[in-house]
Amino acid sequence: MLEKIDLSKKVTIAEYKKNHKIFKSKLGELQRKARDLKIPVILVFEGWHVSGMAEDINRFIISLDPRGYDFHTMTRPCYEELLKPFIVRYWSRVPVRGKIGIFDRSWYSRAIIESLEKNKSEEELWKFLEEINYFERQLADDGYLIIKFFLHISEKEHKERFKDLKKVDIPIFDEYEEGAKQDLDFIHKYGEYLPLVEKTLEKTDMPYAPWTIVEANDRNFATLKIMTTVIHAIEDSIEQATRIPAEQTLKYLDTETPEVPQLNNSILEKIDLSKKLDADEYKKSKKLYQQKLADLQYKLFEKKRPLVVVFEGWDAAGKGGNIYRFVENLNPRLYRVVPVGSPNDVEKAHHYLWRFCEGIPRAGHITIFDRSWYGRVMVERIEGFCSEDEWKRAYREINEFEEILTQAGAIVVKFWLHIDKETQLERFNSRQHDPEKKWKITDEDWRNRNRWEDYKIAVDEMFQKTSTINAQWVIVESNDKRYSRIKVLRSVVEAIEKGLKK
């Protein structure tokens, strides 16, 4: 693939100066149009060391308004980043809608270098690349324009440029930095890395995020090719955005909420909500499982295994009470609770999964999500806050997101706290008339209750499409609070014990 690239392509200095001036003006104009249309753009720059990447990027970005782009140099991950799944550090850098994110090196070079550094097999590297494909496709489906460049130079040119750099003593990176040997290998072992780079490009060259190979032996030619590629890609994206009728793009913002199709079989209707636990058994079991959880928390920390616990359920089903009993005896240094409400303006300007990545626990830690990413296929679906295409593809995106967590060693436990409609009404009325609990009940809770049947159908579909082998749903019978709390504690203990055996 790369060996067949014609690296003899050149442009004269006069041609470069003339075209660069024209392209600079055009890029500035397109940046403003993309901003106004809220088109987010991601530019990925990869290539051989000493391929002229820094110079080419600089020639490109001086055309842009610096207020409209974010520049990221993706060096070695810091300690905190190493304790989270590989792709999470890149999610946090995804640009808001209307902005450009420029990555000087990216998830690709880090995947290759980090996998080789840890002596991972080729199969494990392909899993890294599969995560990358998930990541890029999810962004592309959400309207992100992804443009990827690989700056290619010949092995001969590579050696000559590296010698020139050594003569003038310009450092590429700190050779004494921990792990720098692998980065040096990437320079000195061009021939060995070439097949791996080619396979990586082939496996991740997708219609939604294609690679552009830039012939970079001649730096002027490389710069102009980068600029023309970006110009054409943004022009196409703008044309597509303006071609879609406004009523189609905004149809999910209509005041009328969409109808929810009925499924044939209801999982929730089969749940026995009569299950109860007496006070003595509750106290005994609570003490037992809370002590086990306290012990297992330290085993998770010792084994560097993160735990993700998701609480979903009907309003007034007891999520807060369950979470309180869950953490009552835990070390607060090793867990956090993330309450999830309506997204703010910054969160709305990103892909919906973006806001959850910050809460992903470090290795050995626990994060408890009080509501979660499942809002996309429940409240956002029912209330029409997202389009039908968006919530339908969210099932796959959520499964991929949770797969990334489990591949990184996380134990994922998901609870749906289930009560019947009569019990919910009793609890709503109790809160309404109790001054100390009145803050818990809102107009939105009553509004959601009016669409109980629609939510039940959506929840059933959610179970069917997102209960996977490594991230299964646990439905908790919660009419009786004592029974509910013990089942949650027992289920988490069992999940951790099972997970630690793997």
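In the predicted model, the span of residues 277-499 is 53% helix and 13% strand, and its end C-alpha atoms lie 28 Å apart.

Strand S1, residues 41-47, is mostly covered, with seven of its seven residues buried. In a regular strand, side chains alternate between the two faces of the sheet. In S1, Val-41, Leu-43, Phe-45 and Gly-47 point one way, while Ile-42, Val-44 and Glu-46 point the other way. Residues of both sets are buried, Glu-46 among them.

S1 runs parallel to strand S3, residues 100-104, and five bridges join the two. Within this pairing, Phe-45 stands opposite Asp-104 of S3. S1 is also joined to strand S4, residues 145-152, by seven bridges, and these two strands likewise run parallel. The bridge partner of Gly-47 in S4 is Leu-151.

A search of the whole structure for disulfides returned zero. Cys-78 takes part in no disulfide, and the nearest cysteine sulfur, that of Cys-357, is 15 Å away. Cys-78 is partly exposed, with a relative accessible area of 39%. Cys-386 is in no disulfide either, and the nearest cysteine sulfur is again that of Cys-357, at 18 Å. Cys-386 is buried, with a relative accessible area of 4%.

Methods
Residues are numbered from 1 along each chain as its sequence is written. This is a predicted model: local features need pLDDT of at least 70, side-chain atom pairs count only at pLDDT 80 or more; totals for chains, interfaces and linings use all residues. Side-chain values use heavy atoms; hydrogens and water are left out. Buried means under 20% relative accessible area, exposed over 50%, partly exposed in between (1.4 Å probe, protein chains only). Helices (H or I, at least four residues) and strands (E, at least two) are DSSP runs, numbered from the N terminus. Two strands pair if DSSP finds at least two bridges between them. A disulfide is a pair of cysteine sulfur atoms within 2.5 Å.
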